Amino acid sequence: MEGTRYVKKPAPAHGGAVLEVSPLSGRAGIRVSGEISVTTRPSWEGALAELARRHADVSYVELSRVGFVDVAGVSALAVTAMNLPGGRVVLEYPPAQLTRVLALFWPALQGIEVAPR
């Protein structure tokens, strides 16, 4: 996503949930901060659609500033990875619940790699 100017900063949704998405500099991918839940899901799904559209071989998703991801948010990520034509999505610093949900529902998913801390 190099050179991308994609920055999504929605106003706080009901309950105060906010999700901010910006491109990573120097490599393909996005940096995400905030909360991925029912109130921010449209922004999350839009960011994943853009990530998939620009995907070549490896896309990075940096999640160190994400405090919460609900099961539907993990599902959207898994479905995005499954629908990529090839390559993989590398998750950096995902919240613990994200990796647990992936392991529980998609234990053999090849399209997502969790980078070691």
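This is a predicted model: local features need pLDDT of at least 70, side-chain atom pairs count only at pLDDT 80 or more; totals for chains, interfaces and linings use all residues.
Me: How many salt bridges are in the whole structure?
Reply: A search of the whole structure finds six salt bridges. A salt bridge here is a side-chain nitrogen of Lys or Arg within 4 Å of a carboxyl oxygen of Asp or Glu.

Me: Which residue does Glu62 pair with?
Reply: Glu62 forms a salt bridge with Arg31, and their closest N and O atoms are 3.4 Å apart. This pair links distant parts of the chain, with Glu62 in strand β3 and Arg31 in strand β2 (residues 29–36), 31 residues apart. Helices (H or I, at least four residues) and strands (E, at least two) are DSSP runs, numbered from the N terminus.

Me: Is Glu62 buried or exposed?
Reply: Glu62 is buried, at a relative accessible area of 7%, whereas Arg31 is partly exposed at 33%. Buried means under 20% relative accessible area, exposed means over 50%, and partly exposed lies in between (1.4 Å probe, protein chains only).

Me: Where is Asp70, and which residue forms a salt bridge with Asp70?
Reply: Asp70 sits in the loop between β3 and α2. Its salt-bridge partner is Arg41, with the closest N and O atoms 2.6 Å apart. That pair also links distant parts of the chain, since Arg41 belongs to helix α1 (residues 41–54) and lies 29 residues from Asp70.

Me: Are those two buried or exposed?
Reply: Both Asp70 and Arg41 are buried. For Asp70 the relative accessible area is 15%.

Me: What does Asp70 touch?
Reply: Not counting residues up to four places away in sequence, Asp70 touches Ile36, Ser37, Val38 and Arg41. A contact means heavy atoms within 4.5 Å.

Me: Ser37 is on that list. Where is Ser37?
Reply: Ser37 is in the loop between β2 and α1 and counts as buried, at 8% relative accessibility. Leaving out residues up to four places away in sequence, Ser37 touches Ala17, Phe68 and Asp70. The C-alpha atoms of Ser37 and Ala17 are separated by 7.8 Å, and the two residues are 20 residues apart along the chain.

Me: Which side chain makes a polar contact with that of Ser37?
Reply: The side chain of Glu35 does, at 2.9 Å. A polar contact is a pair of N or O atoms within 3.5 Å; within protein, one must be able to donate a hydrogen and the other to accept it, and residues adjacent in sequence count only if both atoms are side-chain atoms.

Me: Now α3. Which of its residues are buried?
Reply: The buried residues of α3 are Gln97, Leu98, Val101 and Leu102. They line one face of the helix, because seen down its axis they fall within an arc of 135 degrees. The arc is that of the directions from the helix axis to the C-beta atoms.

Me: What do they pack against?
Reply: The buried residues of α3 pack against β3 (58–69), α2 (71–82), β4 (88–92) and β5 (112–114).

Me: And which residues are exposed on the other side?
Reply: Arg100, Ala103 and Leu104 are exposed on the other side of α3.

Me: What is the phi of Tyr93?
Reply: Phi of Tyr93 is near 55 degrees, a positive value in a residue other than glycine. Most residues other than glycine have a negative phi. Tyr93 is in the loop between β4 and α3 and is partly exposed, with a relative accessible area of 42%.

Note on methods:
Residues are numbered from 1 along each chain as its sequence is written. Side-chain values use heavy atoms; hydrogens and water are left out.
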